[in-house]
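I am opening a notebook on this structure. I will look things up one at a time and write down what I find.

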Amino acid sequence: MSSNLITRRATLLGLGGSGLILSGCEQAVQIPGFQGMLESAEHLNRSGQRLVLASGQPLAREYQRSEITKNFKANGTVRPQTDIYKRLVVSEFSDYKLTVDGLVEKPIEFTLPELKALPSRTQVTRHDCVEGWSAIGMWKGVPLSTILMTARLKPNARYVVFHCADNLFNPTSDMGLYYESIDLVDAFHPQTIMAYEMNGEALPIPHGAPLRLRVERQLGYKMAKYVLRIEAVESFAGLGLGRGGFWEDQGYEWYAGI
Ligand SMILES: Nc1nc2c(c(=O)[nH]1)N[C@H]1C(S)=C(S)[C@@H](COP(=O)(O)O)O[C@H]1N2
Ligand SMILES: [Mo]
């Protein structure tokens with residue numbers, strides 16, 4: 001494989017700035033997941049979805065650090081009461097693992113130190129909740145694209161589902177847990193990250209510790225907190241009430257673009 005080809009494919013995916021692209025083939029193949037990226041790129045090209053235009057996707061506006069909101073509201077669940085989460089809190093999240101499975105070639109788990117060792121992205125963005133409030137925060141995390149390229153999506157994967165540790169309506173139940181889903185355009189968007197820091201500190205429990213999604217061109221309810229598992233699926237019809245997310249099952253729109 002020529003490095004030209006790698007660069008061209010990476011550019012198609014909008015990965016030029018992600019830090020994964022090195023100059024030569026020899027260097028490139030040493031990066032875990034790089035092969036997966038190429039295979040994903042194959043699939044994206046083959047599938048002919050609008051995904052190949054990911055590099056042309058607009059970025060959400062980014063702000064100055066001086067514009068960060070002093071008291072960013074925490075909303076929805078602010079402290080999960082499920083047994084699994086309570087155990088994680090007791091261990092101060094040292095037992096935490098993010099599972100990545102479903103329609104992937106290589107199901108994989110990441111500890112927090114493993115996630116933090118991956119290239120990160122930091123962004124200062126505005127969060128808009130459908131309830132009518134907004135707040136600006138700084139988020140640091142791993143691009144979701146990096147995680148998905150490591151696990152290598154299968155060709156029939158069309159959505160990425162986030163399974164959370166909380167049940168908003170029935171807090172101690174481990175059924176009916178919060179979940180969300182996004183399509184591959186948002187999943188590979190450069191500002192879509194799994195965040196472990198907020199405003200320069202470890203993500204606080206009210207905001208989704210230890211790991212939450214930031215998908216910056218969508219409304220707040222898409223930004224799954226307390227994420228335990230990322231599942232690649234062809235369809236979300238079989239999850240929850242089949243509408244693609246906890247709030248979607250209550251009647252909210254699946255596509256919550258701002
Ligand atoms: N797991 C989980 N994720 C969630 C929620 C929730 O209740 N549980 N609430 C959503 C809503 S409606 C919003 S506005 C944001 C709030 O994020 P914040 O608490 O950091 O402000 O999280 C979203 N993600
Ligand atoms: Mo929200």
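My entries below go through a sheet, a helix, some charged pairs, a loop and a ligand.

**Entry: the model**

I note at the start that this model is predicted.

Five strands make an open sheet, in the order 2-1-10-5-6. The pairing is mixed. Which strands sit at the edges? I find strand 2 (108–111) and strand 6 (179–183), and each of these pairs on one side only. From one strand to the next, the twist averages 20 degrees.

I then checked one pair. Strand 5 (residues 159–164) runs antiparallel to strand 10 (residues 227–233), and six bridges link them. Within this pair, I see His 163 opposite Arg 229 of strand 10.

Arg 229 turned up again when I looked at charges. Salt bridges with shared partners join Asp 101, Arg 229 and Glu 231 into one network.

**Entry: helix 6**

Next I asked what lies across the sheet strands. Helix 6 (residues 144–151) lies across strand 1 (97–102), strand 2, strand 5, strand 6 and strand 10. I read its angle to strand 2 as about 140 degrees.

Is helix 6 enclosed or open? Eight of its eight residues are buried, so helix 6 is largely enclosed by the rest of the structure. I listed some of the buried residues, among them Leu 144, Ile 147, Leu 148 and Met 149. Ser 145, Thr 146 and Thr 150 are also buried.

I looked just past the end of helix 6. There Arg 152 takes a positive phi of about 65 degrees.

**Entry: salt bridges**

How many salt bridges does the whole structure hold? My search finds eight. Side chains of opposite charge can pair when their charged atoms come close.

Arg 126 and Asp 128 form one of them, with the closest N and O atoms 2.9 Å apart. Arg 126 is partly exposed, at a relative accessible area of 35%. Asp 128 is buried, at 9%.

Lys 222 and Glu 180 form another, at 3.0 Å from N to O. Lys 222 sits in the loop between strand 9 (212–214) and strand 10, and Glu 180 sits in strand 6, so this pair ties together parts 42 residues apart in sequence. I checked burial for both. Lys 222 has a relative accessible area of 1% and is buried. Glu 180 is buried too, at 0%.

Asp 186 belongs to helix 7 (residues 184–187) and Arg 217 to the loop between strand 9 and strand 10, so the pair ties together parts 31 residues apart in sequence. Both Asp 186 and Arg 217 are buried.

I stayed with the loop between strand 9 and strand 10, where Gln 218 lies. Is Gln 218 buried or exposed? It counts as buried, at 2% relative accessibility. Its side chain reaches the backbone nitrogen of Ala 256 at 2.9 Å. Setting aside residues up to four places away in sequence, Gln 218 touches several others, including Asp 186, Met 223, Trp 254 and Tyr 255.

Tyr 255 is partly exposed, with a relative accessible area of 49%. The cut-off for exposed is over 50%. With residues up to four places away in sequence left out, Tyr 255 touches Asp 186 and Gln 218. I also looked up Ile 182. Tyr 255 and Ile 182 are 73 residues apart in sequence, but their C-alpha atoms are 8.2 Å apart in space.

**Entry: ligand 1**

Last, I asked which residues surround ligand 1. There are 22 of them, and the closest are Lys 73, Asn 75, Asp 166, His 207 and Lys 225.

A polar backbone atom of Lys 73 is 2.6 Å from a ligand oxygen. For Asn 75, a backbone N or O atom lies 2.8 Å from an oxygen of the ligand. Arg 212 uses its side chain, with an N or O atom 2.9 Å from a ligand oxygen.

Methods
Residues numbered from 1 in each chain as written. Chains lettered and ligands numbered in written order. Predicted model: local features only at pLDDT ≥ 70, side-chain atom pairs only at ≥ 80, totals over all residues. Heavy atoms only, no water. Pairing = 2+ DSSP bridges. Helix = DSSP H or I, 4+ residues; strand = E, 2+ residues; numbered from the N terminus. Axes fitted to C-alpha atoms, helices over the stretch in contact; angles between N-to-C directions. Contact = heavy atoms within 4.5 Å. Buried < 20%, exposed > 50% of the residue type's maximum accessible area, 1.4 Å probe, protein only. Salt bridge = Lys/Arg side-chain N within 4 Å of Asp/Glu carboxyl O. Near = heavy atom within 4 Å. Polar contact = N/O pair within 3.5 Å; in protein donor to acceptor, adjacent residues only side chain to side chain.
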